[in-house]
Amino acid sequence: MQNLTLLDGQKFQITIQRLCRQLIENHNDFSGSVLIGIQPRGIYLAKRVADELRKILPDSNIQQGDLDITFYRDDFRRQGSPLVPNQTKIDFIIEGKKVIMMDDVLWTGRTIRAAMDAMQAFGRPEKVELLALVDRRYSRHIPVSADYVGIEVDSIASQKVVVSWKETDGEDRIVLVSEVKE
Ligand SMILES: O=P(O)(O)OC[C@H]1O[C@H](OP(=O)(O)OP(=O)(O)O)[C@H](O)[C@@H]1O
Ligand SMILES: O=c1cc[nH]c(=O)[nH]1
């Protein structure tokens, strides 16, 4: 099987813009809402969305942070080598706020479960929503769903969705990679 590009170029950017408009529909000027990207790859999504929102709403204060989940994963004790956490950077209050969590891919849902645990250390939000750029449907291990979805993909376990970003990888692209060996 060949790798399949699911989204790239202008359509990728249009998808990001559509997600921003959906967020504005529910969060108005974001005065009571914050964005949190999940490390390591959700932070690129959160940054891109925050940048777009700042363009659309120049008078708003869009707050965006990064959350590391390394030691909240349910498999972290199973790792053979020492784990190196990523940076958590949340320099705003989330207590009583509407938090929009973001990740590039939603697959089993285990990353999101860990992120919910990790976020507890920062306070009790009024509400938590999830934005996923790619939703791999029918693959959940736990009951998690996204409130905002870029694209939905039907896939099998041996495949992997890989998201590349202009800022870090040189181009915006979502590829369904075939036959990933574990
Ligand atoms: O819904 P889940 O099954 O948790 O998978 C989704 C997560 O997997 C990816 O990260 P990463 O490649 O770091 O994780 P992986 O090692 O599980 O593939 C991706 O960036 C999401 O954070
Ligand atoms: O398809 C997948 C599954 C988990 N993590 C990814 O980045 N892609």
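A pocket here is an open set of points on a 1 Å grid over the protein atoms alone, where a 1.4 Å probe fits and protein lies on both sides within 12 Å along at least five of seven lines. A molecule sits in such a pocket if more than half of its atoms lie within 2 Å of its grid points. With that in mind, welcome to the tour.

This is a predicted model, in which local features need pLDDT of at least 70 and side-chain atom pairs count only at pLDDT 80 or more, while totals for chains, interfaces and linings use all residues. Residues are numbered from 1 along each chain as its sequence is written, chains are lettered from A and ligands numbered from 1 in the order in which they are written, and side-chain values use heavy atoms, with hydrogens and water left out.

**Stop 1: the largest pocket**

Select R73, V105, W107, T111 and K160: of the 33 residues that line the largest pocket, these lie nearest its centre. A lining residue has an atom within 4 Å of a grid point. The volume is about 990 Å³, taken as the space filled by probe spheres set on points joined across faces, edges and corners. Now colour by secondary structure, where helices (H or I, at least four residues) and strands (E, at least two) are DSSP runs numbered from the N terminus. β4, α3 and β7 (160–164) each supply at least two residues of the lining. By class, the lining divides into 12 nonpolar, 9 polar and 12 charged residues; Ala, Val, Leu, Ile, Met, Phe, Trp, Tyr, Cys and Pro count as nonpolar, Asp, Glu, Lys and Arg as charged, and the others, Gly among them, as polar.

**Stop 2: ligand 1**

Next, click on ligand 1, which sits in the largest pocket. Show the residues around ligand 1 (a heavy atom within 4 Å): D103, D104, V105, L106, W107, T108, G109, R110, T111 and K160. β4 (98–106) and α3 (110–120) each give at least two residues to this shell, and β4 gives the most, with 4 residues. The shell holds 3 nonpolar, 3 polar and 4 charged residues.

A polar side-chain atom of T108 is 2.5 Å from an oxygen atom of ligand 1. At G109, look to the backbone, where a polar atom lies 2.9 Å from a ligand 1 oxygen. On its own, ligand 1 has 490 Å² of accessible area, and the protein covers 73% of it (Shrake-Rupley method, 1.4 Å probe).

**Stop 3: ligand 2**

Move to ligand 2, whose space is also the largest pocket. A polar side-chain atom of R136 lies 2.5 Å from a ligand 2 oxygen, and a polar backbone atom of V161 is 2.7 Å from an oxygen of ligand 2. Ligand 2 alone exposes 240 Å², of which the protein buries 78%.

**Stop 4: two backbone details**

Finally, visit two loops. P40 is in the loop between β2 (33–38) and α2 (42–56); the peptide bond from Q39 to P40 is cis, with omega near 5°. F30 is in the loop between α1 (9–27) and β2. Its phi is near 65°, a positive value in a residue other than glycine.

Conventions
Polar contact = N/O pair within 3.5 Å; in protein donor to acceptor, adjacent residues only side chain to side chain.
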